[in-house]
Amino acid sequence: MFDDLRRRHVDLAQPRLGSEVVFATDDFFADKARLISPEPPVFIPGKYDDNGKWMDGWESRRKRVAGHDWCVVKLGVPGEVAGFEIDTSHFTGNYPPGAEIEVCRSDEAIPGDDAGWVKVTPRLDLKGDDRAWVAIDHAQPVTHVRLHIYPDGGVARLRVWGRVLPDWNQVGAEETIDLLAVANGGRGIIANDEHYGSVGNLTAPGRGVNMGDGWETRRRREPGHDWAVLELGTFGRVEEIVVDTAHFKGNYPDRCSIQASARAHGSPAEIAVQAESWPVLLPEVKLSADHAHAFRDELAALGPVKFVRLNIYPDGGVSRLRVIGKVVR
């Protein structure tokens with residue numbers, strides 16, 4: 001179930017979308033902001049601060065009064081939530097045994113109890129040093145998530161899996177946007193290899209901060225080439241492709257090409273098979289190190305598309321893929 005949530009959705013709580021933990025009843029031992037850090041949680045033996053053992057996550061003190069602790073995550077963009085992942089990695093004698101999650105839609109930075117919070121999970125049983133995930137059925141747009149822990153303790157990470165819901169009425173008919181940007185609903189579906197970096201990084205805002213902030217495959221020692229399949233936020237007519245190899249200097253792909261389609265269906269693996277025969281949007285072109293390559297004249301006139309397959313030859317790393325065009329309504 002976890003892989004299905006991850007493959008079909010994006011983490012709406014990721015800070016690069018503008019998400020932040022805006023409130024916690026108590027974060028004495030570990031700063032609430034760490035709850036949505038994009039990096040996997042780590043444990044550093046012997047690291048202490050003024051309040052005690054340093055932990056990579058959100059951790060409240062031992063509760064000596066009635067009640068329980070909770071925190072509120074404000075999503076950077078509204079989205080439809082499909083499920084949650086609660087990660088208690090490295091919290092062994094200090095994890096909360098129970099948790100519950102509510103969601104709401106609000107214009108307030110920190111919605112109050114009267115904000116129409118909806119409980120979307122039952123009381124969940126948690127284990128120490130574990131990853132628990134739960135799918136939900138809630139079709140309404142969400143702006144905030146409230147995580148309750150019972151009664152106190154530490155959670156390393158909270159992932160909010162779902163899809164971005166852009167307001168396409170705010171995009172003019174002649175306006176060009178990055179149709180593949182995660183903030184516009186774009187997402188990575190599948191790649192044949194993600195050894196050094198996730199395909200989802202290709203849709204992230206800005207330029208990559210380092211080599212780890214991109215999609216990178218292992219060194220290929222057999223015939224063939226590597227590829228990734230991604231979905232645009234909506235149907236669009238492509239006017240420009242940008243392939244950015246920022247920070248990839250001795251390991252950038254020698255060449256790339258892009259195929260595209262208006263339709264795809266099924267599981268990620270099934271879509272990957274369909275993508276093999278999609279028409280060519282960008283023929284094979286040469287790439288260089290640490291450079292944003294823009295292609296316009298090379299693009300084929302395929303009409304509206306919603307899916308792309310990036311082929312790299314033979315292997316290597318790409319920081320970002322931009323698919324610039326106009327929304328087709």
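## Arg-159 and its surroundings

Setting aside neighbours within four places in sequence, Arg-159 is in contact (heavy atoms within 4.5 Å) with Asp-11, Ile-36, Ser-37, Pro-38, Glu-39, Gly-83, Phe-84 and Glu-85. Arg-159 sits in strand β13, residues 157-164; strands here are DSSP runs (E, at least two residues), numbered from the N terminus. It counts as buried because its relative accessibility is 11%, and buried means under 20% relative accessible area with a 1.4 Å probe, protein chains only.

Now for the polar side of things. A polar atom of the Arg-159 side chain lies 2.8 Å from the backbone oxygen of Ser-37, and the Arg-159 side chain also reaches the backbone oxygen of Pro-38 at 3.4 Å.

## About the model

This is a predicted model, where local features need pLDDT of at least 70 and side-chain atom pairs count only at pLDDT 80 or more, while totals for chains, interfaces and linings use all residues. Residues are numbered from 1 along each chain as its sequence is written, and side-chain values use heavy atoms, leaving out hydrogens and water.

## Asp-213 in its loop

Asp-213 is found in the loop between β15 (187-191) and β16 (215-216). Is Asp-213 buried or exposed? It's buried, with a relative accessible area of 12%. Its side chain makes a polar contact with the side chain of Arg-16 at 3.0 Å (N or O atoms within 3.5 Å, one able to donate a hydrogen and the other to accept it; residues adjacent in sequence count only if both atoms are side-chain atoms).

## Strand β21

Nine of the nine residues in β21 (305-313) are buried. Strand β18 (255-261) runs antiparallel to β21, joined by seven bridges, and Ile-258 stands opposite Leu-310 in β21.

Key:
Helix = DSSP H or I, 4+ residues; strand = E, 2+ residues; numbered from the N terminus. Buried < 20%, exposed > 50% of the residue type's maximum accessible area, 1.4 Å probe, protein only. Pairing = 2+ DSSP bridges.
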